[in-house]
Amino acid sequence: MKKQKPASAESEKAKTPAKLLVLHGPNLNLLGSREPGYYGLATLADINLALARRAEAAGVELESFQSNHEGALIERVHAAREQNVRYIIINPAAYTHTSVALRDAVAAAGIPFVEVHLSNVHAREAFRHHSYFSDLAIGVITGLGSEGYLLALEYLLSRLNSD
Ligand code: DQA
């Protein structure tokens, strides 16, 4: 029988769907009923479904993960590094303004990411104006509601096409 040639790194890359990870921080499990004036009426399940559909249509693997625990989010970022996740979309929620530990995790993972906020954090209390993530992010989308996640995904899909 003829021996199969080993696939080149380039053709392997073309065959393996790129992996994207969406991380949602604390209290975002309450979306839909949580302060709708700031966060809108879409639930987290609605957002995740819309992202999953768009990713599937683009042939990309996308996983969403929400936690109310800093350590769980940090460990998910560590795992993302092992799994060769190409890009992350992250809404660190309140950890945006407090978590050096989660910032250090994304810095250590070295996975490029887009920071998303549903509300316009700059139009709110002063303590929300500082982010431990923005200077490390590719970019930040803030104040565009749940559409912000889809815009981030659209951007990353076009980036994947040109990678
Ligand atoms: C948020 C803004 C944060 O200040 C807040 O703590 C959140 C959600 C947003 O999506 O607008 O929980 O990240």
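**Ligand surroundings and helix packing**

In this predicted model, a polar side-chain atom of R128 sits 2.8 Å from an oxygen atom of the ligand. The protein buries 99% of the 320 Å² that the ligand exposes when taken alone. A94 takes part through its backbone: a polar backbone atom of A94 is 3.3 Å from an oxygen atom of the ligand.

N91, A94 and R128 belong to a shell of residues around the ligand. The shell also includes R34, Y39, A93 and H97. By class, the shell divides into 5 nonpolar, 4 polar and 2 charged residues.

Helix packing was examined for α3 and α6. Helix α3 spans residues 44–58, and helix α6 spans residues 147–162. Two packed helices are described by the angle between their axes and the distance between the axes. Here the axes come within 10 Å. They cross at roughly 20°. Angles under 35 degrees count as roughly parallel. Helices α3 and α6 are therefore roughly parallel to each other. The crossing of α3 past α6 is right-handed.

How values were computed. Residues are numbered from 1 along each chain as its sequence is written. This is a predicted model: local features need pLDDT of at least 70, side-chain atom pairs count only at pLDDT 80 or more; totals for chains, interfaces and linings use all residues. Side-chain values use heavy atoms; hydrogens and water are left out. A residue is near a molecule or strand if one of its heavy atoms lies within 4 Å of it. A polar contact is a pair of N or O atoms within 3.5 Å; within protein, one must be able to donate a hydrogen and the other to accept it, and residues adjacent in sequence count only if both atoms are side-chain atoms. Accessible areas come from the Shrake-Rupley method with a 1.4 Å probe; for residues, only the protein chains shown count as cover. Ala, Val, Leu, Ile, Met, Phe, Trp, Tyr, Cys and Pro count as nonpolar, Asp, Glu, Lys and Arg as charged, and the others, Gly among them, as polar. Axes are lines fitted to C-alpha atoms, for helices over the stretch in contact, and angles run from 0 to 180 degrees between N-to-C directions. Helices (H or I, at least four residues) and strands (E, at least two) are DSSP runs, numbered from the N terminus. Angles under 35 degrees count as roughly parallel, over 145 as roughly antiparallel, 65 to 115 as roughly perpendicular and the rest as oblique. A crossing is left-handed if the near helix is turned anticlockwise from the far one by less than a right angle, and right-handed if clockwise.
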